[in-house]
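Trainee: I have a structure open and want to learn how to read it feature by feature. Please begin with how accessibility is judged.

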Amino acid sequence: MAQNHTIGGHGSHGGHGEHHGSLGEYVIGFILSIVLTVIPILAVVDDWFGKTATIAVLLITAALQFAVQLLFFMHLREEKGPRYNLVTLILGLIVVVVVVYGSIWIMDHNKMY
Amino acid sequence: MRGEASVIDQIKDFASWFFVSGDPLIYGADVAIALTTAAIIFVLSYFGKWGWLWREWLTTVDHKRVGIMYIIAALLMLFRGGVDALMMRTQLVFPDMKFLSPEHYNEVFTTHGVIMILFMAMPLMFGLFNIAVPLQLGARDVAFPFLNSLSFWLFFFGAMLFNMSFVIGGSPNGGWLSYPPLSELTGSPGVGEDFYIWGIQVSGIGSLMTGINFIVTIVKMRAPGMTWSRVPIFTWSVLSSCIAIIVAFPVLTVTLALLFLDRFLGAHFFTMDGGGNAMMYVNLIWMWGHPEVYIVVLPAFGIYSEVVATFSKKRLFGYGSMVFAMLSISIMAYFTWLHHFFTMGSGANVNIFFAISTMIIAIPTGVKIFNWLFTMFRGRISFTTPMMWTLAFIPCFVVGGMTGVMLSVAPADFQFHNSYFLIAHFHQVLIGGVAFGYFAGLYYWWPKMFGFKLNETIGKWAFWIWNIGFYVCFMPQYVVGLDGMTRRINSYGWDTGWWAMNFTSTIGGFLMGIGFLFQVWQIAHSIKFMEKDTTGDPWGARTLEWSIPSPAPLYNFATTPLVTDRDDWWEEKERIAAGKMPKEKPKLEPIHMPKNSPIPFIQSICWFTVGFGLVFHWLWIAIPGFVGIALTLLAHSFNYDTDYYIPVDEIRQTEAKAGRGV
Ligand code: HEM
Ligand SMILES: [Cu+2]
């Protein structure tokens, strides 16, 4: 239900018992995200695979990157109030699908290029 | 001697490249800018106001002050964008006019479009968010007051960066959406495009943060008892607008970043010869651009709803359907972007999908119109200025919406596209929908902001002049558009037969300019002969912001209100009128407030510096800017002294001064 702290919501850190991840988790997340960045760069720059395979690698590492960010930095699993989280996550996914799939669909049909 | 001369020559060369020159209009602007700056500095020094400016405004985190600064900046931008518009209309008044050169005309329409949408409509909207939302929620401030101030200053310095381009370096001239290849280095080798990119980029970050800030504020900071079905309708409209902001603005940021990489590092995201694709830019920019028009119009819908209910003395008809309509628009706005490039060869199936999705959006909009009409039906309507703007909006938006549906018919769009028909359509919805709405909002909340009412008589003059001017200006444009006149042309021949329509249209444009002057007069007059609002509720309104004194005290609500109804304040007044006891108020307690901070202001200057350095490819300016940003971020992270308490005595005194016993 609606709430309004007398403090007005600002600067009230600590004390509400939420877990914000340990140093270890942050380090793992950091390393994973770097690895997932370096792989696609090298795949393109050093031409590791053929064209289709490169695109597949790009898409897969992008999706994994997304997951890493959500799990290790946004603490997706740990927040209370799953309802808001779920709604926003679904909205975010819709947006991603619209942007990615919509662009591919449109550009595929574009006869100008 | 030789050496010296060549140094002077070098300086001269540099200056003639760095400062825009060669046009008397620009020299006039140079002089005007220099004089205004000098005047401001003089006045501030003469009256010893620098400290006051710094303490009370530049470092403030109070949402009401931030809101006022947004509004002032936006009105100045409205003036600038309006002058641009009148320059264009002057150039078009007769065939073969020699007022603006083609190059200059391109710069003017580009600047006009960018300023009106990004630096006028957006900040005016954010100003109204800031003024009204926390008060409607019964909250003390927004969720993140520091961030709110940072958003404002980012907008402000982004806008300044963009505005500078016309006296320093040269304005962008690639249209308000800067399509490549025109906006690539090959098409626009000057710095104008980079000013465009960085001006928008810096202020865009601020917009995104405002979106997040207000979503959190609305979700988390509603007064106790304010369930979702009791949230005021304007606040709902803000929520739906902010949802659209947080999905759309990242796309803009990325798109412009890619364009910048093309220009700065020679990447080829959008250049054909390097394997890039300019169509992709068009695709991406409209993914932001289309939701953007709903971002600015949804809050206007919220304002109309508040105004109609208040001045009909009735509850808003169809509250639930209104909320549903606005939320669904904010999502659906994301599925229609292609209707802006039907003609660019995406094929029939793609066009059909987006034509239909566009037409579907018209349905919730229609629902809203009926809700407003039913709210007025059998109401006790009073014709105040906010209500007049609302009434004028309805027919205007109906016509604008219908021409919009015409444009959404893909085959027909091949005829209308990029003609004056389109110009008339989008001005009809942007002025009739957005600008009228924000005017209504400004008039409506003005007493809450400043504690006095605006003069209604002058306001009505302004209203009529604006409205007549509007129709005189834009109706002929539909006609001349169907007659084949395309947009963005700076001249036409006598043989086209377009001059009568253009002549009429220009008269209308100047009428609107006069309407604006009346509004300025209205404000000046009202400041001088103000009619003080001692009640805090001059309109007999319905929502919480009117339950407190005008202007609202620093802490907004002496005690947090307990909400038991939709339109809680109205119900409370009814209860009191019926002889019942007013709601009991809790005991006064010290109020927790955020402290002012200079960091948003300083950090935004650093952003400005970075942008400026990158525009000219001067890393010796950009890098210190980056360092400054990093330092301010660090400084803020380690600052734990961010809040304080207002003691009970002080609250009691403030309330007593406003005529309220507590
Ligand atoms: C106040 C009266 C206004 C007048 C007389 C006016 C006039 C004009 C004119 C003559 C053009 C250029 C048409 C062309 O040659 O292509 C134009 C373009 C434009 N206007 Fe306005 N305008 C006004 C207000 C507004 C407002 C309030 C907005 C937005 C909130 C706006 C947004 C735009 C945009 C986006 C363009 C397109 C610029 C481009 O082609 O890149 N205008 N306007
Ligand atoms: Cu659109």
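Mentor: Take B:P551, which counts as partly exposed because its relative accessibility is 37%. The term covers values between buried, under 20% relative accessible area, and exposed, over 50%, with a 1.4 Å probe and protein chains only. Note that this is a predicted model: local features need pLDDT of at least 70 and side-chain atom pairs pLDDT 80 or more, while totals for chains, interfaces and linings use all residues. Residues are numbered from 1 along each chain as its sequence is written, chains are lettered from A and ligands numbered from 1 in the order written, and side-chain values use heavy atoms, without hydrogens and water.

Trainee: Where does B:P551 lie in chain B?

Mentor: Helices (H or I, at least four residues) and strands (E, at least two) are DSSP runs, numbered from the N terminus. B:P551 sits in the loop between β2 (531–532) and α17 (568–577) of chain B.

Trainee: And which residues is B:P551 in contact with, leaving aside its neighbours within four places in sequence?

Mentor: Contact means heavy atoms within 4.5 Å. With those neighbours set aside, B:P551 contacts B:K448, B:M449, B:F450 and B:G451. A C-alpha distance is another way to look at such a pairing: B:P551 and B:W446 are 9.1 Å apart in space, C-alpha to C-alpha, and 105 residues apart in sequence.

Trainee: Now the metals. Which residues coordinate the iron atom of ligand 1?

Mentor: Donors are N, O and S atoms within 2.8 Å of the metal (3.2 Å for Na, K and Ca); water is not among the atoms, so sites may look incomplete. B:H112 and B:H427 coordinate the iron atom, each through NE2, at 2.0 Å. B:H112 lies in helix α5 (residues 102–137) and B:H427 in helix α14 (residues 420–450) of chain B, so the pair ties together parts 315 residues apart in sequence. Both histidines are buried.

Trainee: Why is the arrangement around the iron atom of ligand 1 octahedral?

Mentor: Six donors count as octahedral if opposite donors are over 155 degrees apart and all others between 65 and 115. The 6 donor atoms here subtend angles of 88 to 178°, which makes the arrangement octahedral.

Trainee: Which residues around ligand 1 come nearest?

Mentor: A residue is near a molecule if one of its heavy atoms lies within 4 Å of it. There are 20 residues around ligand 1, and B:Y105, B:H112, B:W176, B:H427 and B:R488 come nearest. An oxygen atom of the ligand is 2.7 Å from a side-chain N or O atom of B:Y105, and another such distance, to the side chain of B:R487, is 3.3 Å. In chain B, α4 (63–91), α5 and α14 each supply at least two residues of the shell.

Trainee: By class, what does the shell around ligand 1 have?

Mentor: Ala, Val, Leu, Ile, Met, Phe, Trp, Tyr, Cys and Pro count as nonpolar, Asp, Glu, Lys and Arg as charged, and the others, Gly among them, as polar. The shell has 14 nonpolar, 4 polar and 2 charged residues.

Trainee: How is the copper ion (ligand 2) coordinated?

Mentor: Its donors are B:H290 (ND1), B:H339 (NE2) and B:H340 (NE2), at 1.6 to 1.9 Å. Their spacing in sequence is H-x48-H-H. B:H290 in helix α9 (residues 278–312) and B:H340 in the loop between α10 (319–332) and α11 (348–376) of chain B are 50 residues apart, a pair that links distant parts of the chain. B:H290 is buried, with a relative accessible area of 4%.

Trainee: What does the secondary structure of chain A come to?

Mentor: Chain A has 3 helices and 0 strands. Buried residues make up 23% of its 113 residues. Among contacts in chain A with a separation of 6 or more, 62% are between residues 24 or more positions apart.

Methods. Tetrahedral: all angles 85-135°; square planar, octahedral: opposite > 155°, others 65-115°. Polar contact = N/O pair within 3.5 Å; in protein donor to acceptor, adjacent residues only side chain to side chain.
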